[in-house]
Amino acid sequence: MHRLYALALGAMTVALTLTASGASAAKLTREPYLQRVGPDTATVAFRLDTACAPTVRYGTHGSMELSVTAPTSQTRQAVELSGLEPGTEYTYVVDACGSRTSPVTFSTAPVPGTRSVHFTTVGDFGSNNQDQRDVARAMLGRKPQLFLALGDNAYEMGTEAEFQHNLFEPMAPLLAQVPFFAVPGNHEYETNKGQPYFDNLYLPTSQSGGEYYYSFDWGFVHFVAIDSNCAIGLSSADRCTFEAQQQWVEEDLAASTAPWKIVFFHHPPWSSGDHGSQLKMRREFAPLFEKYGVDLVLTGHDHNYERTHPMRGNEVAPSGATDPVYLVVGSGGAKLRELSIASKPSWSVLRNNSDHGYLDVRVEDGTLTAQMLTPSGKVMDSFTLTKDLPPEPTSPTQPAPPPGTPPTTTPAPSPGQPPIEGSTQSPPGVVPDLGDPNNPAEPLPGCSATPAMTLLPAGMWVLASALRRRRR
């Protein structure tokens, strides 16, 4: 009987081996990249050489006990993970019908309102050169929660092949682990008004503009993405119009209650670089930024770094004002260029066209701290924005008691004394073991200490003891 079983098992193994070897495993032609990451969702996108329905396996603490299989068999895949926990690190792999990627990690967005946000940003990098790879590697080393791409993500024409070769290949490690939010540059619009850009990315959407312009909250920061190509007339009216986008920007900023607001797009309203200032963006959008309390405006286009004073209208804002600060961060990899104005303008705080680098931003409570860093870690620029925020609620899920309600806190017991009766508070340094069978007088969590509930743990202890004796 055992011999027959062994022969049958061996035949089955051979059959399975032949079947597996006969099937061609799909290979990834593009490594996974993270899109549309929020507090409870994430999209893992990638490309295959053979159409199949791959599976993304994922989980917390290094495990991958959860999985989602793509609903269709195709070479372009974007698998959505849902039901995730906010502010949580996940490990994931892609099972591509026989081939598997190496495990990598990412973190979901924190609970809305969380007062700690860390991101990096840069533009004009899509060249597939060593400078771009160095910048991407350095950004990944900072472990940001998200990455904002400021346009010209794939030189020279923004074609399908250039997106693969100049964006996804050199920046694969960063994009696999850090959620990636982008705006298009003018070079993306060289091919079919940016269509390959929209074909390759899976971005948040707005009701009137789809992926052309959108916004999202990350913690207590509201991010607004504008398509400046559309705003200055490079897009066809059937896809995106200046009027619709401007109206949406105003409505979106007016509706946001986030204490920090950051806008990002490609063409700079203020720049002394090679292209100079984009005056329509300044004239049409700066008043909205000032009206609705935008703190920081991030742009690219010019291949250098530049920071302005807080600006109001066409002038530097009065001392102590909280008007927007404008940055050009176009030093992500493309060749750096000469500045168009020899001497630094009065509105410009600092400019640098000799170093490639990126901006690293941390927002903690009422303080925004930014550093412009080279890949080697040299600080090109640093600045801080501050504002007064109301105290953070200690228990946002519980409404505050009406005015005049007396406090209900239980006084702490004196050192060396037993806890006060009816209280779950422990003496200093002691953690109570709620529901301990040796302490039947203590209620289980969530239960009232009625006589019946007080006896329940003791009864369970007796039953457990009897079962143990029976096993012996």
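A disulfide, as the term is used in this talk, is a pair of cysteine sulfur atoms within 2.5 Å. Good morning, colleagues. The model before you is predicted: local features need pLDDT of at least 70, side-chain atom pairs count only at pLDDT 80 or more, and totals for chains, interfaces and linings use all residues. Residues are numbered from 1 along each chain as its sequence is written, and side-chain values use heavy atoms, with hydrogens and water left out.

The structure contains 2 disulfides. Counting bonded cysteines along the protein chain, their pattern is 1-2, 3-4.

Let me begin with cysteine 52 and cysteine 97, whose sulfurs are 2.1 Å apart. This pair links distant parts of the chain, 45 residues apart: cysteine 52 lies in strand β2 (residues 42–52), and cysteine 97 in the loop between β6 (89–96) and β7 (99–100). Helices (H or I, at least four residues) and strands (E, at least two) are DSSP runs, numbered from the N terminus. The torsion about the S-S bond is about 95 degrees, so this disulfide is right-handed.

How accessible are the two partners? Buried means under 20% relative accessible area, exposed over 50%, and partly exposed in between (1.4 Å probe, protein chains only). Cysteine 52 is buried at 9%, whereas cysteine 97, at 35%, is partly exposed.

I turn now to cysteine 230 and cysteine 240, joined with an S to S distance of 2.0 Å. Cysteine 230 sits in helix α6 (residues 228–231), and cysteine 240, 10 residues apart from it, in the loop between α6 and α7 (242–255). This link is left-handed, with -90 degrees about the S-S bond. Cysteine 230 is buried at 3% relative accessible area, and cysteine 240 is buried at 5%.
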